Amino acid sequence: SVSDANEAFKWGNTDKGNEIIDKVIAEKVDGGMTQKEAEASVRSSLTSYWKERYIEAYKRNDTDEMRKIRKILASTGLYDDVLETCSDWIKSIKG
């Protein structure tokens, strides 16, 4: 599941996390989703987990944690522009 992937990512194991994500996407495709739908679904799950953590890190001015999260998101290949995505998350709290 995506939460297993997040757990792996949290401990710095990006290979394992991405292996799990690939499996989840493949399962969703087998279940009848298109590749695009499956990726969007997984991206949405990743976002709901990491967005909150990214915003918390931003509030603490923890640039290392923010960089780490951007690296995790980039490693998945599911985000077109990680920097832009994360900037949008920050904008969302600034109103």
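Me: Is Val 24 buried or exposed?
Reply: Val 24 is buried: its relative accessibility is 9%, and the cut-off for buried is under 20%. Do keep in mind that this is a predicted model.

Me: Got it. Which helix is Val 24 found in?
Reply: Val 24 sits in helix 2.

Me: And what is Val 24 in contact with, leaving aside its neighbours in sequence?
Reply: Setting aside residues within four places in sequence, Val 24 contacts Ser 1, Val 2 and Val 42.

Me: Thanks. At what angle do helix 1 and helix 2 pack?
Reply: The angle is about 170°, and the axes of helix 1 and helix 2 are 7 Å apart. Helix 1 is therefore roughly antiparallel to helix 2, since angles over 145 degrees count that way.

Me: Which residues meet there, in helix 1 and in helix 2?
Reply: From helix 1 there are Val 2, Asp 4, Ala 5, Ala 8 and Phe 9. From helix 2 there are Thr 14, Lys 16, Gly 17, Asn 18, Ile 20, Ile 21 and Val 24. In that contact of helix 1 with helix 2, seven residues are nonpolar, three polar and two charged.

Me: Staying with helix 1, which of its residues are buried?
Reply: The buried ones in helix 1 are Val 2, Ala 5, Asn 6, Ala 8 and Phe 9. Looking down the axis of helix 1, they fall within an arc of 160°, so they line one face of the helix.

Me: Why would residues three or four places apart point the same way?
Reply: An α-helix has 3.6 residues a turn, so residues with that spacing point the same way.

Me: And what covers the buried residues of helix 1?
Reply: The cover includes helix 2, helix 3 and helix 4.

Me: What follows helix 1?
Reply: Gly 12 does, with a positive phi near 85°.

Me: Switching topic: how many residues does helix 4 have?
Reply: Helix 4 has 14 residues, 63–76. Its first and last C-alpha are 20 Å apart, close to the 20 Å expected at 1.5 Å a residue.

Me: Which residues in helix 4 are buried?
Reply: Met 66, Ile 69, Ile 72, Leu 73 and Thr 76 are. Down the axis of helix 4 the buried residues fall within an arc of 120°, so they line one face. On the other side of helix 4, Asp 64 and Lys 71 are exposed.

Me: What do the buried residues of helix 4 pack against?
Reply: They pack against helix 1, helix 2 (14–30), helix 3 (35–59) and helix 5 (82–94).

Me: Last one: where is Asn 61?
Reply: Asn 61 is in the loop between helix 3 and helix 4. Its phi is positive, about 60°, although Asn 61 is not a glycine. With a relative accessible area of 60%, Asn 61 is exposed.

Note on methods. Residues numbered from 1 in each chain as written. Predicted model: local features only at pLDDT ≥ 70, side-chain atom pairs only at ≥ 80, totals over all residues. Heavy atoms only, no water. Helix = DSSP H or I, 4+ residues; strand = E, 2+ residues; numbered from the N terminus. Expected span 1.5 Å × (residues − 1). Buried < 20%, exposed > 50% of the residue type's maximum accessible area, 1.4 Å probe, protein only. Arc of directions from axis to C-beta. Contact = heavy atoms within 4.5 Å. Axes fitted to C-alpha atoms, helices over the stretch in contact; angles between N-to-C directions. Parallel < 35°, antiparallel > 145°, perpendicular 65-115°, else oblique. Nonpolar A, V, L, I, M, F, W, Y, C, P; charged D, E, K, R; others polar.
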